[in-house]
Amino acid sequence: MTPDNEVRFRGCLDDVAAYKPGRPPARTDGRPTYKLSSNENPYPPLPGVLAAATEAAGQMNRYPDMGAVDLLEALSARFGVPTSDLAVATGSVALLYHLLQASCTDGDEVVYAWRSFEAYPIAVQLTGATSVQVPLTDDARHDFKAMEAALTERTKAVLVCTPNNPTGPVVRRDELLAFLDVVPSNVLVVIDEAYREFVREPEIVDGIDVYRDRPNVVVLRTFSKAYGLAGFRVGYAVAHPPVVAAIRKCALPFGVSHVAQAAAIASLAVEEELLERVEALVTERTRMVGELRAAGWDVPETHANFVWMPLGDDTVAFAEAVQAEGVSVRPFPGDGARVSIGEREANDLFLSVARAWRQ
């Protein structure tokens, strides 16, 4: 029992675990270190994007445009959706927090596959709702039949991460549409497409195509991964106006900085060049998966900018072995490690440890 003279907080905070960022690499012998723990784009900003951000920084004494009008118009033109169907925030994860805050409360349930993005249980718990975690299939994919069975009258939202973070497989169009057909129309379905630009699966679902005639579908995307703006935190949601209005009501005032808005607009203007970098990362991803499988690793299909190492109880020991070579990866103790696709030198160091581990 909390003493009367202590500050009291909501009970839902008692079991909330803090979000754990990817660990930075550490070495003291002077050799290079590489961070493969946060799914960052390893390329530096393009000159035009850097110039736009630098110019915008000259107005740091002014508040940013709270409505992000220019950015919304650029996104509208790029994806063929009205600005009334768009919301922006400090990363797609912030949009998820806002959306769940707007829709969920004590006694509600949110269904999602597990393991998936580690922010999901935190975002759900902070609303007072309950997470209903549905185990992935043996090949690290969403089990939609099991997710369907998990729906109840208390379900307020369903989260679908595609490609799934941290395991990598993508959700295919036919399986998602079949699932959406059985989800009640008053249940929000959030399609989290943070890694959409890295997908090369022909049967991929495109969330923006799906949302158009389904008022309960929300699509989340980000500039952090493919566009290389992780440090600026810009994400966007695509949804029907009532959903967007709810998100905007919960958003922090002036959340997306003027510099971030300028960088995002400039990135859309040079998207073709940026996506050439994405293609190079996809090529490197293919090499890494091939090398790992050749070494005896049973790694699942991945359509993101990372690979999943199903290590189980060996996860922490493996992460420490890679760290000893100056490369940090993202361990999930008891399950596996997620390894970002980075510079070739970093990838080669990681592969050398992975090969030795299997011998």
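Select Ala 157 in this predicted model and show what surrounds it: apart from neighbours within four places in sequence, Ala 157 is in contact with Leu 100, Glu 109, Val 110, Val 111, Val 187 and Leu 188. Ala 157 belongs to strand β5, which covers residues 155-161. Because its relative accessibility is 0%, under the 20% cut-off, Ala 157 counts as buried.

Next, colour the chain by domain. The domain assignment gives domain 1 as residues 25-45 together with 270-357, and domain 2 as residues 58-268. The C-alpha centres of these two domains lie 25 Å apart, and where the domains meet, 24 residues of domain 1 are in contact with 28 residues of domain 2. Between them the two domains bury about 2300 Å², with 52% of that area on carbon and sulfur atoms. On the domain 1 side, select Glu 271, Glu 301 and His 303, which supply 27% of the area that domain 1 buries against domain 2, more than any other three residues.

Stay at this interface and turn to the charged and polar pairs. Across it there are six salt bridges between domain 1 and domain 2, and 17 residue pairs are in polar contact, both residues of each pair being at pLDDT 80 or more. Sorted by class, the side of domain 1 that touches domain 2 has 11 nonpolar, six polar and seven charged residues. For a salt bridge to look at in detail, select Glu 118 and Arg 330, whose closest N and O atoms are 2.6 Å apart.

The last stop is Asn 305, which sits in the loop between α10 (271-294) and β9 (306-309). Is Asn 305 buried or exposed? With a relative accessible area of 1%, Asn 305 is buried. Leaving aside neighbours within four places in sequence, display the residues in contact with Asn 305, namely Asn 39, Glu 40, Tyr 195, Phe 198, Val 339, Ser 340 and Ile 341. To finish, draw a distance from the side chain of Asn 305 to Asn 39, where a polar atom of that side chain lies 3.1 Å from the backbone oxygen of Asn 39.

Key
Residues numbered from 1 in each chain as written. Predicted model: local features only at pLDDT ≥ 70, side-chain atom pairs only at ≥ 80, totals over all residues. Heavy atoms only, no water. Helix = DSSP H or I, 4+ residues; strand = E, 2+ residues; numbered from the N terminus. Buried < 20%, exposed > 50% of the residue type's maximum accessible area, 1.4 Å probe, protein only. Polar contact = N/O pair within 3.5 Å; in protein donor to acceptor, adjacent residues only side chain to side chain. Contact = heavy atoms within 4.5 Å. Domains from an automatic or database assignment. Buried area = accessible area lost by both parts, 1.4 Å probe. Salt bridge = Lys/Arg side-chain N within 4 Å of Asp/Glu carboxyl O. Nonpolar A, V, L, I, M, F, W, Y, C, P; charged D, E, K, R; others polar.
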